[in-house]
Amino acid sequence: MSLDVWLIAPDGRRSAATLGAPVGSAGSQGRVFGLRDRPDTVVKVLHRADRVHLADRLRIMLADPAGWAGGSGQPLVAWPSAAVHRRDDGRLLGYAAPRLAHPRFVPLPSLFNPAVRARMLPGATWSWWLTVAEELARVVHVVHQRGHVVGDLAPANVFVSASGGVCLIDADGWQLRDPVTGVDLTCPFSRPEYTAPEHLAGPSRSREPASDHWALAVLVAQLTCLGFHPFGGVPRETAGPVEEVDNVRLRRCRLLGADVRVPAAAVPPEALPAVLRRRLGDALDAGYAAPAARPGPQSWAAALAYARDSLAPCPAVATHVYPREARNCPWCRMAEAGAPDPFPGGQR
Amino acid sequence: MNPFALFEDDTDEPDEVEFVTDTHRRRFVALLIDTSRSMGATQSNGVVAIDALNRELARWLPTVRAEGRGPLRDVEFVVITFGAGGVGVVSGDGTPSAEDGGAFVPASRLELAPLVAGGATPMVEAVELALSLVERRRQHVQTVHAQQTGGPRLILVSDGAPTDAEGNPTDGWRSLARRLEQWRSTGRMRLFAFGVPGVDDEVMRALATASGYFPLADLDLRKLLDLILVATSEHVDFDQVRSQVYGDEFR
């Protein structure tokens, strides 16, 4: 790939660049390329079918003057820095964004793989996952404060750093609020396994922040269960294919007591402290048909911080920490029941 | 050990990372490749097509394995060829078994020996074998491993028209098309079909529907394999594949 492009910054300045090698996987929403001689920048080229309203979206995003950085300067969102046009015919292809480099970020789904986790996060405990979940909640809160809705809030759009920092990517797919007109550009797509029930049936339409509250609850559950989806599991009577969204439709959440079969490595509901289980019930049970009942990001952040401050060390394994209220170590119990140790390598 | 001195050791080749299958779900992708004698006769950039395919597969497989560590972690492949030697499984242990250690392998462990061209085009038999295997695998994984399995995905590549084992034209594809329609509606199956020059468009359209069929203008095997990878991603739709097939990604 050696396509010549213009990068057009928010102030209208144009700079010439050339697309380099693809970065990351060939995603369904577009492809990401490096830029020759500009290692700090990547370019997302959207599929042509997804470029509807792209110019409007970029106008809103590039007009946002505030940065998306946390207290210590780390990025919270891979926010566009320039529009990208072909140099030969001027056609709009996508946008440029800073490459997530410092601190080092990796895609969240990679860390759901225990083997990758064991190598890249040696010594990390359950506390790290609580931190990631809390940081995610805080980022979602910032997004909502600015009037936007993430929409496709899913692990594939979440990058994490070693210190538990979170950065969201693919902001072009959000429901974006035009600060001038107050009009929302709707979110075109969300993964069904993270989509709130009220949006499963209908086509893309305007979303309330409460739809993100559903996805946030699912993600918090998944993070605190080391990748296991709260609507994972095979119902006993199933005769055909079954996916998370089937269990969502039938309100079968394994963390809330649904009778489904799961692999031995699934984190049991009892491993979670009551403060998290209560909120999961509010979000995924009471909040199933009543979106207003779902806890918001600040409520989640507070609960997760509380849970992290209420951990006890396991007397047998240094990498095991668990809710102080539990009578014994759930990770030891999982290992004793035949599952792989979720936090290996900490035998005292 | 400082738990936050992290992400320091991730430079190894992806293949060196052990794959762990204990997710809550798996997805099955059946890749069906036409290896009939025409693949040994036609040329791609001056190279016999099957040799070009093998060369490109050698470049492609490490990418698949790397994706198997991340976005394709839940994917199990079964690869079936139809041509030399009839219909055969060329992934896993090479047998048409849906048991663990049989025909299905995680994306992170997908390896293929060089393919050989020759023989007829028993496409119908190959698709039927794929349907049978993915269904048996679904039952096995859901029952034995308690893991969710969604609808299977079939990716069909051909440069010809279906024949019986002896090379006689067959219209078995008509009943297969009806069966595939049932699979689409009740079994959540999705079929992506790629036709390279020489293919019978009518048959491919009947099997994959007009939306799921992508005739390619030339025998660009690198592009074909890249498209197969795109068609393997979880939430991709036909329009997005079409956008890449017809070179308008940058248009």
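Reply: Helices here are DSSP runs of H or I with at least four residues, strands are runs of E with at least two, and both are numbered from the N terminus. The model is predicted, so local features need pLDDT of at least 70 and side-chain atom pairs 80 or more, while totals for chains, interfaces and linings use all residues. Residues count from 1 along each chain as written, chains are lettered from A and ligands numbered from 1 in written order, and side-chain values use heavy atoms, without hydrogens or water.

The part is helix 3 of chain B. This helix covers residues 172–186, 15 residues in all. From first C-alpha to last, helix 3 of chain B reaches 21 Å. That is close to the expected 21 Å, at 1.5 Å a residue (1.5 Å times one less than the number of residues).

Six names belong here: Trp173(B), Leu176(B), Ala177(B), Leu180(B), Trp183(B) and Arg184(B) are buried (under 20% relative accessible area; exposed is over 50%, partly exposed in between; 1.4 Å probe, protein chains only). These residues share one side of helix 3 of chain B because they cover an arc of only 120° around the axis (taken from the directions from axis to C-beta atoms). The spacing rule is simple. An α-helix has 3.6 residues a turn, so residues three or four places apart point the same way.

What lies over that side?

After the helix comes Arg188(B), and its phi is positive, near 60°.

The second case is in chain A. Glu244(A) belongs to helix 6 of chain A, residues 244–249. Glu244(A) is buried, at 4% relative accessible area. What touches it, beyond neighbours within four places in sequence? In chain A, Glu244(A) contacts Glu193(A), His229(A) and Phe231(A) (heavy atoms within 4.5 Å). In chain B, the contacts of Glu244(A) are His24(B), Arg25(B) and Gln148(B). Pro230(A) sits 14 residues from Glu244(A) along the chain, and their C-alpha atoms are 8.3 Å apart.
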